[in-house]
Amino acid sequence: MSNNSNNNSFGERSVELHRKLHGKIELKSKIPVLTRDDLSLAYTPGVAQPCLEINKNPEEVWNLTLKSHTVAVVTDGSAVLGLGNIGAAASIPVMEGKAVLFKELAGIDAFPIALNTQNVDEIVAAVKAIAPVFGGINLEDISAPRCFEVEEALRAELDIPVMHDDQHGTAMAVLAGLLNALKVTGKSISTVNIIINGAGAAGIAVAKLLLTAGCQHISVVDTKGMIAAGRPDMNEHKTKLAEIINPEAHTGSLAEALVGTDVFIGLSKPGLLTGEMVKTMAPQAIIFAMANPTPEIMPDEALAAGAVVVATGRSDFPNQVNNALIFPGIFKGALQVRLRDFTPELKVAVAQAVANMIPNPTAEHILPSPLDREVASTVAQAVITFARK
């Protein structure tokens with residue numbers, strides 16, 4: 001069966017599942033309400049006392065409510081998976097899926113918040129208004145450049161952790177995989193040349209995290225070529241990125257940029273990388289082709305062209321790079337220690353912890369499975385250890 005046939009089959013079965021269940025999540029009570037005494041404890045008159053306790057000491061909201069184990073999954077529906085700007089209502093199945101993963105992998109109660117606005121100020125205001133209920137905010141599927149502005153404003157104004165997962169979850173998963181791919185090829189993170197294809201939210205976040213982790217030779221390519229200081233046709237985010245990458249201000253196309261390069265990281269579109277391009281890369285080349293559902297190059301073609309380690313975003317090939325390795329555990333750890341923010345140094349520590357779960361990586365095994373229940377616990381412990389330092 002072809003990959004398209006598989007995708008069609010999953011799509012049809014998924015529609016049937018969603019129609020049968022009317023969605024994938026539900027709210028359940030932790031307590032029975034069978035007697036008058038039960039009712040008096042769960043609701044009036046007993047519930048007034050916890051309210052008064054929180055009013056007297058606001059920190060008690062963490063002990064007396066669901067806040068300590070609850071995350072909001074917030075989207076505006078503008079960049080949903082590979083589907084684009086499909087709007088708030090159509091994004092809900094994806095946000096529900098995210099909530100399922102939070103619960104199944106980390107025991108966190110997450111709730112989908114699909115906002116019917118794509119205005120930055122309105123998104124920020126809405127999230128600030130609902131924030132008292134939640135212990136963390138997971139921003140999801142918000143297109144660039146709005147996602148940068150929304151995250152920056154909320155991180156500055158809220159006292160709970162905020163993370164745009166498409167940026168930072170992806171970046172940490174990429175770094176974890178790259179650390180082990182470098183072990184396989186015997187290369188050093190400080191000396192390898194890296195090309196990132198795609199200068200959207202994920203591409204920019206990956207570049208910044210790799211710099212924090214010690215990479216010194218990073219270039220980013222967009223649809224018009226290499227991002228470089230002085231290039232006139234860039235937005236403010238690319239202009240700022242050009243100040244910290246590509247110090248030699250190289251210019252040129254993706255094909256030109258790849259000559260002699262050690263690592264290709266694709267966060268772009270299907271089919272943009274060819275076997276001929278891979279042949280021009282340095283020996284022991286590493287390919288992360290993460291366009292979904294169809295990668296920038298299929299693994300068999302990349303391997304035939306000389307690549308040694310090939311990773312994609314798909315589960316049906318070896319080396320799946322999936323942000324589900326990151327977001328359940330990072331919020332689990334943050335909630336346990338009431339972390340205020342996810343710093344770049346913390347993100348590096350998390351990526352290292354995930355990489356260390358594979359003590360002897362091979363070309364076809366550089367990352368644990370997203371379904372491995374130990375991953376979230378490992379990531380959470382990395383967050384807790386970092387926070388306590």
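Modeller: A residue is called buried under 20% relative accessible area, exposed over 50% and partly exposed in between, with a 1.4 Å probe and protein chains only. Asn-197 is buried by this rule, because its relative accessible area is 5%. This is a predicted model, in which local features need pLDDT of at least 70 and side-chain atom pairs count only at pLDDT 80 or more, while totals for chains, interfaces and linings use all residues. Residues are numbered from 1 along each chain as its sequence is written, and side-chain values use heavy atoms, with hydrogens and water left out.

Biologist: With which residues is Asn-197 in contact, leaving aside its neighbours within four places in sequence?

Modeller: Contact means heavy atoms within 4.5 Å. On that basis, Asn-197 touches Val-221, Leu-254, Phe-264, Ile-265, Gly-266, Leu-267, Ser-268 and Leu-272, neighbours within four places in sequence being left aside. Asn-197 itself lies in strand S5.

Biologist: How many helices and strands does the protein have?

Modeller: Helices (H or I, at least four residues) and strands (E, at least two) are DSSP runs, numbered from the N terminus. The protein has 16 helices and ten strands.

Biologist: What is the strand order in the open sheet of six strands?

Modeller: Two strands pair if DSSP finds at least two bridges between them. The order is S7-S6-S5-S8-S9-S10, and the pairing is mixed. Strand S7 (225-226) and strand S10 (309-312) are the edges; each has a single partner strand, so one side of each lacks a neighbour in the sheet.

Biologist: In which sense do S5 and S6 pair?

Modeller: Strand S5 (residues 193-197) pairs with strand S6 (residues 217-222) in the parallel sense, over five bridges. Asn-193 has His-217 as its bridge partner in S6. Strand S8 (residues 263-266) and S9 also form a parallel pair, over four bridges, with Ile-287 in S9 as the bridge partner of Phe-264. S9 and S10 pair in the parallel sense over four bridges, and there Ile-286 has Val-309 as its partner in S10.

Biologist: Which residues cover the two faces of strand S9?

Modeller: In a regular strand the side chains alternate between the two faces of the sheet. In strand S9 (residues 286-289), Ile-286 and Phe-288 lie on one side and Ile-287 and Ala-289 on the other, and all are buried.

Biologist: How many residues of helix H14 are buried?

Modeller: An α-helix has 3.6 residues a turn, so residues three or four places apart point the same way. Helix H14 (residues 327-337) is mostly covered, with eight of its eleven residues buried. Among them are Phe-327, Ile-330, Phe-331 and Leu-335. Just after H14, Arg-338 takes a positive phi of about 50 degrees.

Biologist: What does the radius of gyration say about the protein as a whole?

Modeller: The radius of gyration is taken over C-alpha atoms, and the globule rule is 2.2 Å times the number of residues to the power 0.38. For 389 residues a compact globule would have a value near 21 Å, and the 22 Å of the protein agrees. Along the principal axes, the C-alpha atoms fill a box of roughly 75 × 45 × 40 Å. Of the 389 residues, 48% count as buried.

Biologist: What share of the contacts with a separation of 6 or more joins residues 24 or more positions apart?

Modeller: Such residues account for 67% of those contacts in the protein.
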